[in-house]
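Please work through each task before reading its solution.

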Amino acid sequence: VVVVGFIAESKEGRKHITATTNHTSSTMKSTCCVAAALLLAAAHNPTTLAFSPSSHVHSASVAVRSQKTRRTSLRLSAAAIATPSNDDSSSTTTTLTKQQKRIQQIRKEGGIFAFNTKFGALNPYAIYYGLVSIALGLVWFVALTFSQLFYKLTGGKLDKRRRLPVFFSHVWGTLLMLFTGCFPKVENWDAIKDFHKSGRKAMFVANHNSWMDIPFLGHTIGWHNYKFVAKKELEKVPILGKAIKVAKNVLVDRSNRRSQLLTLKQGMKWLDDGVNLCTFPEGTRSRSGRLMPFKNGAFKMAHKAGKPVIPVSICGAAKVMPSYWMFPFKPAHNVCKVVLHEPIESEGKTEQELADAVRDAIVAGLPEEQRPLTTTQ
């Protein structure tokens, strides 16, 4: 009360009170807040009563203006938060556009009943293929379990080359392609049949841009014992992982150098023991469909073992099952083709020369849309 009265008695204080009566109610509230702050300061420090009225009136005016400025800044900040930036809006629009394009592509490929899921696209044929695959897969799983039990009871002394699980896996793949109409056309099959009759073993090397490449390659090799050189992560795939382990396929752990050396020895031993090897030297599926660069050391097993390499060109597999489909959306018959090339001897060649010769042969058998864009790829 003393402070307010003291301000009012001064000439400058009276001018200030006259001016503040014309302000809005919000300004009056701000002035009261400033006065209350001065009273609290005086209560904690009595020396604050000894002040110049004009200077404190000026301070109060500055405080009121600061309060207005803060309220204005807050309103602007709130408006900025509420209004999305052009970049965010553009990003959302781009994302939606990509999703719409994917849906349009799926409908174009799989028909009006095609739809997308988080696991991949489906249509009526894909659902049928999946049901057949799972039904046959359950029988396959039982057969693999029987094989596993057989090797455990015999201590692995019988069927040392693990032919039995390969046979069951080949039966599963053959019946699946038979019931779904997915047998590919195979060119130059006679040359491979003659090679099999000679009793020699080789490494089959193919391009990879679809899951269908696996049954296609197995179908091409025929009813012979073979092992895939595959990445270790495939062990986690249901049923397929069990088949890989029971048949003792060659698994590559790229993060472990010691494991890679053991894998090399295992692959060479299979070749020396009269078992064919199969591999996809790109290391993974090509999302674009075009042949990608080969991984280093993809031909090391065949080269060190002195065995021939048979190049295989798989054409059009992504036309029935691209990477974003859960199962094939249409039969592969009359769509997909496998081109077998003459065996390429590894003797008398360096590892790089062998890799270059195999790559050239695979590229020669691919359609234009699957060939690499440049010669350096």
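## Exercise 1. Cysteines

The model is predicted, and it contains 0 disulfides.

**Solution.** 

1. The cut-off comes first: two cysteine sulfur atoms must lie within 2.5 Å to count as a disulfide.
2. As to accessibility, a residue is buried if its relative accessible area is under 20%.

## Exercise 2. Two aromatic pairs

**Task.** Classify the geometry of the pairs Phe150–Tyr151 and Phe167–Trp223, and describe the accessibility of the residues involved.

**Solution.** 

1. The structure holds 12 aromatic pairs. In one of them, Phe150 and Tyr151 have ring centres 5.5 Å apart and planes at 65 degrees.
2. Planes over 60 degrees apart count as edge-to-face, and the Phe150–Tyr151 pair is accordingly edge-to-face.
3. Phe150 is partly exposed, with 27% relative accessibility, whereas Tyr151 is buried at 5%.
4. The ring centres of Phe167 and Trp223 are 5.8 Å apart, and their planes meet at 45 degrees, so this pair is tilted.
5. Phe167 belongs to helix α7 (residues 163–180), while Trp223 is in the loop between α9 (213–221) and β3 (226–231); the pair therefore ties together parts that are 56 residues apart in sequence.
6. Both residues are partly exposed: Phe167 has a relative accessibility of 36%, and Trp223 has 46%.

## Exercise 3. A cluster and two charges

**Task.** Identify which residues form one aromatic cluster with Phe327, and state which rings Lys227 and Arg359 lie over.

**Solution.** 

1. The cluster that includes Phe327 also contains Tyr125, Tyr128 and Tyr129.
2. A charge sits over a ring if NZ of Lys or CZ of Arg is within 6 Å of the ring centre and within 35 degrees of the ring normal.
3. Lys227 is placed over the face of Trp270, 4.8 Å from the ring centre.
4. Arg359 is placed over the face of Phe294, and its distance from the ring centre is 4.8 Å.

Note on methods: Residues are numbered from 1 along each chain as its sequence is written. This is a predicted model: local features need pLDDT of at least 70, side-chain atom pairs count only at pLDDT 80 or more; totals for chains, interfaces and linings use all residues. Side-chain values use heavy atoms; hydrogens and water are left out. Rings of Phe, Tyr and Trp (its six-membered ring) pair if their centres lie within 6.5 Å; planes under 30 degrees apart count as stacked, over 60 as edge-to-face and the rest as tilted. Buried means under 20% relative accessible area, exposed over 50%, partly exposed in between (1.4 Å probe, protein chains only). Helices (H or I, at least four residues) and strands (E, at least two) are DSSP runs, numbered from the N terminus.
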